[in-house]
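The sequence and structure come first.

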Amino acid sequence: MKIPFISFDTINQEIEKESILAFQLFFNSQNYILGNELLNFENNYAKFLGVKHAIGVGSGLDALIIALQALGIQAQDEVIIPSHTYIATAMAVSRVGAKPILAEPNPQTYNIDAASIAKCLTDKTKAIIPVHLYGQPCQMDEIMNLADQHGIWIVEDNAQAQGATFAHKRTGSIGHVSATSFYPVKNLGAFGDGGMITTHDDLLAKKIISLRNYGSPQKHEHEIIGYNSRLDELQAALLNIKLKRLDRWNIERQKIADWYDILLVDNANIIKPFIAHDHVFHLYVIRHHKRNELQKYLEANGVRTLIHYPIPIHLQQAYRHLGYRRGDFPIAERLADEVLSLPLFIGMSKEQVAYVCDCIHRFDG
Ligand SMILES: *Cc1c(COP(=O)(O)O)cnc(C)c1O
């Protein structure tokens with residue numbers, strides 16, 4: 001059996017007719033940037049999250065950068081981020097000239113929490129970026145309390161948790177501002193790059209709307225030096241079609257994760273994902289002390305897996321200047337050595353999940 005890491009076969013089939021129709025409307029509209037499709041999607045996304053403002057941008061990285069800049073984060077400032085996350089979280093902080101401060105994740109949830117964040121606070125700390133990694137919401141009540149006590153901004157990185165909730169609120173609606181990505185493989189993925197910034201704050205929203213479009217609140221007037229980072233009309237039209245289905249698709253992903261949970265239950269060599277809150281499954285990530293061998297074994301048996309992420313931020317060449325060494329972030333390093341993301345996609349069958357699990361058991365047997 002050959003099992004890809006991800007396949008769009010089922011979802012593409014489901015939305016094909018509607019998408020082609022949307023493309024024709026888009027094509028004929030002769031209005032390809034900052035038009036009604038984007039407004040429509042921004043409204044729908046804001047409603048979905050329960051936020052006042054949703055502002056479409058060019059990518060998840062741009063969403064983080066623009067959110068940080070709108071908050072006034074700049075050189076000399078420190079921003080606390082997880083030591084175990086996608087590199088975009090760190091690069092956004094660096095892009096606005098601030099310094100990323102790495103907090104170790106909770107070894108169970110893989111997310112930073114109030115205790116690990118508190119260890120990193122200094123009088124230069126201006127913001128915290130909790131990342132809802134793999135679809136697991138961070139403990140947002142504690143994190144918001146800590147931020148309120150210290151007068152620090154919270155920028156949620158919701159790229160991996162679209163549709164998740166914490167205490168009946170959607171992730172991405174809890175912090176002062178939030179960034180997400182519509183990179184194709186995310187739970188809500190576009191047909192290209194895209195991102196969204198969400199906030200309840202009117203003033204912040206105004207700044208963000210201006211920043212994404214050359215610092216221009218009004219045509220030919222430029223109040224600040226901005227970006228060209230806009231979610232285009234075609235992506236917005238196609239994302240509108242997918243957004244209606246996101247909750248159902250997340251339930252489907254959960255069902256696949258449940259199969260993994262059951263079929264991997266009596267394997268003592270595997271650490272399965274820990275589910276603390278209203279999780280959505282972006283990735284089904286297991287840990288194994290012989291991860292590299294297991295990955296090779298699965299590959300040889302036709303099962304494609306990925307590692308999120310094999311090199312921690314502090315050991316990346318781009319961050320050499322921070323002067324970190326191996327051993328500085330032991331939890332992040334351990335996760336980088338042990339995590340393995342198993343295939344998980346809409347339309348994956350129980351037989352496919354069973355085959356993956358059989359291969360894993362055979363490797364361990
Ligand atoms: C995907 C991702 C991003 C960046 O999104 P892009 O659209 O690829 O720029 C940021 N943070 C996390 C946690 C991500 O998974």
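How many nonpolar, polar and charged residues does the lining of the second largest pocket have? The lining has nine nonpolar, eight polar and four charged residues, where Ala, Val, Leu, Ile, Met, Phe, Trp, Tyr, Cys and Pro count as nonpolar, Asp, Glu, Lys and Arg as charged, and the others, Gly among them, as polar.

The model is predicted: local features need pLDDT of at least 70, side-chain atom pairs count only at pLDDT 80 or more, and totals for chains, interfaces and linings use all residues. Residues are numbered from 1 along each chain as its sequence is written, and side-chain values use heavy atoms, with hydrogens and water left out.

**The second largest pocket**

A pocket is, on a 1 Å grid over the protein atoms alone, an open set of points where a 1.4 Å probe fits, with protein on both sides within 12 Å along at least five of seven lines; lining residues have an atom within 4 Å of a point. The second largest pocket holds about 480 Å³ of space, a volume being the space filled by probe spheres set on grid points joined across faces, edges and corners. Its lining counts 21 residues, and Leu 34, Ile 209, Arg 212, Asn 213 and Ser 216 lie nearest the centre. Two or more lining residues come from each of α2 (36-49) and β1 (53-57); α2 has the largest share, five residues. Helices (H or I, at least four residues) and strands (E, at least two) are DSSP runs, numbered from the N terminus.

About 570 Å³ of space lies in the largest pocket. Of the 31 residues that line it, Tyr 86, Ser 181, Tyr 183, Lys 186 and Tyr 309 are nearest its centre. α4 gives the most to this lining, with four residues. By class, the lining has 18 nonpolar, nine polar and four charged residues.

The ligand sits in the largest pocket, meaning that more than half of its atoms lie within 2 Å of the pocket's grid points. Residues around the ligand (a heavy atom within 4 Å) include Tyr 86, Asp 157, Gln 160, Ser 181 and Lys 186. This shell divides into five nonpolar, five polar and two charged residues.

Taken alone, the ligand exposes 380 Å², and the protein buries 92% of that (Shrake-Rupley method, 1.4 Å probe).
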